[in-house]
Structures are given as structure tokens and as C-alpha cells.
Amino acid sequence: MTMHTITPAPQAPAVPSRGKLRPLGLGDVRITGGFWGDRQAVNGLHTLDHIGSRLESEGWLPNFDLARTGGLPAGRRGREFSDSEVYKYLEGLAWEIGRTDDEVLDERFREVVARVAAAQEEDGYLNTMFGRPGQGARWTDLEWGHELYCLGHLFQAAVARERTRPGADDGLLGVARRAADLVCDEFGADGRDTICGHAEIEVGLAELSRATGDGRYLAQARLFVERHGRGTLRDIEWGRKYFQDDTPVREATVLRGHAVRANYLSAGAMDVAVETGDNQLQKALRRQWERTIARRTYITGGQGSHHQDEAFGDDFELPPDRAYSETCASIGSIMFTWRLLLAGADPRHADLIERTLYNVVATSPAPDGRAFYYANTLHQRVPGVPADPHETSPRASSSLRAPWFEVSCCPPNVARTLASLDAYVATADSDGIQLHQYAPSAVLTTLDDGRIVAFDVATEYPADGRVTITHRSDAAEPWTLSVRIPAWATGATLRTVTADFVQTRTVEPGMVEIRHAFRAGDVVQLDLPMAPRISSPDPRIDAVRGSVAIERGPEVLALESTDLGPVGVDDVGLVALVPGTAPVERDGRVWVTVRRVPAEDAPWPYGMAVEDPDAATAEVALVPYHEWAERGPSTMRVWIPLAR
């Protein structure tokens, strides 16, 4: 494995000291517009403000003020893990400040940090739910208390601030280090031999170790990873696999249990494996990713098919109408998968990240950035009920987006992801740059040998499949630009235009290398085929056997009742796709031919199949899944049954 010397550290959420690729952070890559640039602008202008207002009005941020003044536990509001939402909010602010240099946000950041710091106890303990008179004692409910989970998010916020504003005098890094020192004292090799019921501390400690150079934090992260699967937590009705405490990490074959916990643990375990050179652990994690993607992941990239425990189901248990597909689980999946990509340079990891970004992360926030999906169903049977913009909704409501939830982990998770998204666009190695995600962007960085590389990316992707890379720097020696051809992009073409030659070639899915001493003005143009395509499920996914999905580029499309006027029904359950008809693109939309399904109320819903050769047939338009229900309540489905 290649060792990288990174000084200063990239402004990125994950900065491993070794791996085949190193991330290019916010200082190296700037998304300048387009699909993701628009969403980043909304996130910075509206979402972060919305989250901050809700943290105040819900009392979750004032909990820290009460801790300082002695007002706990009587005045405390929110669930046991509400502290973590404040920390994710701080992380989102840190990345956004690093991206935009917004002075108003910086003042807000410092004000929140001061309130958090004032609640920290002398020995470093920091939590508003435990440890004071009238509250539960520290570390007494590790199954459900989330004390270590909250601290993990605190550490990630401090790392984000240190990487975007090294040496900032706001005090957050000191708060995090005092808390981390306490964790090492309490849970070290000679301390409490147990884990947190919700993984997160592992990735937080590993990144804090990378940011500070303190090896104790990495050692503690490794201890927590190795303790998983030893049954140290009390058993519960869903079993210890809910906490990933049923099987040691290096012995597991697939992700299981609570989907967010599983992905956070895997991301932290990957950090540990990379930093300690533990190839056996890396191999185990890759094995788990492979099977999870092949058997337990929705076409959208979403994960988790159980509502009651927010968990993975068994292999191929992927019912669309019961898809939980929590937004946070997909963000955890991106965290885990990105670390695998940095370590191994497998373009399939970037493929999954792209799929998940466009079809889960982009789906969660409303266009105005002030309402969110917590869960992401693939089949809405009954039109949803609009949420009251002033009320707090139950967490699992997925019929329509809601402004806030009793368990509101998803809004700040989306905010910190969008604010740091520039850091997921490209990477570098000893010889060049790899472009993994396509967005209008500017890249300016230095290769390992000191050569400066600069280029602009222009594209309307995913509306259009053309990606144009124009170089802004002159190279005396050749270097390698690598571009990702998604797995679906069979027939893509690559055109290179320089002062010396013009070359056009067809390229296959995977990473394609262009090695050249690029000069300012040289152009590399990638054309990805964007024709809509029909995707069939593995026949072992019983819930969608006999159905197909329509995809276009990285986007999964959906059928909404809003568009069924031409066939004379208002329910997606009353139509089926006419076999042998291909989707067509026209007027900026994708159209499919559907037939009305014979259906009538009966005292018994089973019997002989009924066919109606005269049933109404018509072309109807589809929408990108991330846009569903934006024209009002509707029924919706991603998997469309084939007519008989």
C-alpha cells in the first residue's frame, strides 16, 4: 500500500495516511454549479439556518446552556442522542465555512462552540443526558444511551474545523481532545471492556487521531472495533446483531442489524485497518461490502428493509413498499465505500457512491432545503399527508418530506454531506488525478512530486452526458488523468484534443487513463450514453419479480400518479408496463407505455387471472426518483410490473 505524506492535510472528512489514492479536499476542488452546486447553495443559504433554528426551538442546543446553569435534568428536551445533532450541525457549518469563507456562519459557529464548551465538565465529560444529579450515571446505559456515539460526532466536528481552519481559536479541538482523553482513560485496555450500542465513536476517534497525530485515539478506536461481536452488550428483542455485537468484525460476511450502525462501524473499522496496516481486517470489510451490495441494497443505493429496527433484512429481502432506506444509512454507506475507494482504487466504489448520492441523498431534502425524508420508500401506495411546517414529525414518516423529526439525525447528516461534497469529487496518486464524480468544478492541486495541476470541468450532468475537461496548467512531463466510466455507460466515447493530436475512442466501464504532458487549453471530452434503460431485478428478489425499473444515467426514475391522466387512472397500482416497448426520451422527460390493469373490488382477492385485451394503453412520463411528490401528494413506484 502506498504511503502518502500529506502536509497540510486535505480539507476532507477522511484523510488516511496510506492507500492507493489520496483525497483532494475543499482547497483542491470546488464545485462551481450544476446539479450539486445548486444543492450546495440551498444547503448553505437555507438548510443550515433551518437546522440551527430547530435546534434552538426544540431545546436541543439550549440543553447545553441548562447544563452550565444547573437546569438539568428538569428542563432538558429531546432524545438521549440530541447532543449529536448539535455536533453534526457544527460539522456542517465547519465544511460550509471552509467552502465559502462565510463570516456570518463563522460567528455562529463560535457562538455554538462556546455554549457547548461551557457544558463540559472538568474531567472532559460532555453529555446533557447523563452524569448530573437526577440523571442516570455516566456509562450505565451503553446499549441505548448514545454517550460515546455523541462524542464521535463531536470529534468529527472538531476534525472538520481543524482541517478547514487549522489552529482556530474557538476551542472546539480542545473540547474534543479532553473528551477523547477521558474516553481513552475510561475504556482503554485496562478500563471498561465494552462498546457503545451505536457505532460512531470508532470513526470519530480514528479521524481525531489523524488530525492530531495522537496515537492513543487510534488505539482506542481499534479496541472498540475488536470488542464488537463479543456479546458485551445486553441482548435485546432484535438480537445483538442490531448493535453488530453478535459476530466479530473480521469474522462477519455481510452487514447486518441496524443499517446506520453497521455502516458507521464499517467506516471506522476501515480507518483502523488502513492506519494499522491490517490487511486481514481490510479483506473482511471488502467481503462484507461485496455481499451487502449484491444482496441487501436497493436499486437506489438505499439500505435497510426493516422498519421496526431500521435494519438490513436477509439476503434479497428488498420489498419496495416496505423499504426503510434511511437517509443516514446511505450517508454511512458513502462514508464506508469512500474509504474502500481510497484504499483500493476500485471504480465500483465510486459507482455506488454516485448512485447513492443521486437517489437517496439528493432525494431527502426538499428543493427549498427546509424539509426532509427520513426514510425513502420505493413504492407509495397511498398519497401522503403534507406535514405541518411548524410541527415535529415521527421519525419514520416517509409519505412526504417533513421539516423536523423527533429523531432528527437525517437533516444535519445531509447538511454536513452536501457541505463537504467537493472532497468526494477527485483523488490523486503519485502520478496523476482521478475524477470520480462529475459536476461543474475547478481543480487546482499539486502532485506528489510538486507539479501543479489545474483544470476545469464543464458539464450539465446528469441532464446531459457530456463532460468537458479543459486544462489550465502546463506540464513539462506527462502525467495521468483518469476518468470513471460508470458501469451502465457501455458505448461511452473519449475525445482528447491537444496541440499535437486529436484522438477519439470508445471506452469501456471502469477507469480510463489519459497520459500526456497536458498544456493549457488541452481538452478531454467524455460522452456518456444517457438513453433510458430497463433494469431487471435478480429473480431472488421475490418482492419485485415480474417488474422492471427504468434508469437514465445515474438516476433511478419513478412512476407517479400525477402523470397517469393519459391512461385514465390516478393510482400507480392500476397500470403495468407493456412488454416489448422501450422507454423513450422526449421533451426533456422519459416516457413509457403502460396498460390499465383490470381491477375490481371482490369479496376474495384471489382467483383466476383476468386479462382485458381492450384495456386502455397510453404513454406516460416518469420523473427522477429524487423529484417524486414535489408536485403534491401522489402514489409512486420505482418497480413497474410487466403487463401479461
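This is a chat about a few features of a predicted model.

Visitor: What should I know before I start?
Guide: It's a predicted model, where local features need pLDDT of at least 70 and side-chain atom pairs count only at pLDDT 80 or more, while totals for chains, interfaces and linings use all residues. Residues are numbered from 1 along each chain as its sequence is written, and side-chain values use heavy atoms, with hydrogens and water left out.

Visitor: OK, in what order do the strands of the open sheet come?

Guide: The order is E1-E4-E5-E9-E12, five strands with mixed pairing. Strands here are DSSP runs of E, at least two residues, and helices are runs of H or I, at least four, numbered from the N terminus. Two strands pair if DSSP finds at least two bridges between them.

Visitor: And which strands stand at the edges?
Guide: Strand E1 (22-23) and strand E12 (510-516) do; each has a single partner strand, so one side of each is left without a neighbour in the sheet.

Visitor: How many bridges join E1 to E4?
Guide: Two, and E1 and E4 (residues 426-428) run antiparallel. Proline 23 has threonine 427 in E4 as its bridge partner.

Visitor: What about cysteine 328?
Guide: Its closest cysteine sulfur is in cysteine 410, at 3.4 Å, which is too far for a bond.

Visitor: Is cysteine 328 buried or exposed?
Guide: Cysteine 328 is buried, with a relative accessible area of 1%. Buried means under 20% relative accessible area, exposed over 50%, and partly exposed in between, using a 1.4 Å probe and protein chains only.

Visitor: Now the backbone. Where is the cis peptide bond with omega of about 5 degrees?
Guide: That one joins leucine 72 and proline 73. Proline 73 sits in the loop between helix H2 (62-69) and helix H3 (82-100). The bond from tyrosine 461 to proline 462 is also cis, with omega near 10 degrees.

Visitor: Which residue has a positive phi of about 60 degrees although it is not a glycine?
Guide: Glutamine 244. Glutamine 244 is in the loop between helix H8 (215-227) and helix H9 (259-276), and is buried at 2% relative accessible area.

Visitor: And aspartate 587, buried or exposed?
Guide: Aspartate 587 is exposed, at 71%. Aspartate 587 has a positive phi too, about 55 degrees.

Note on methods
Disulfide = S-S within 2.5 Å.
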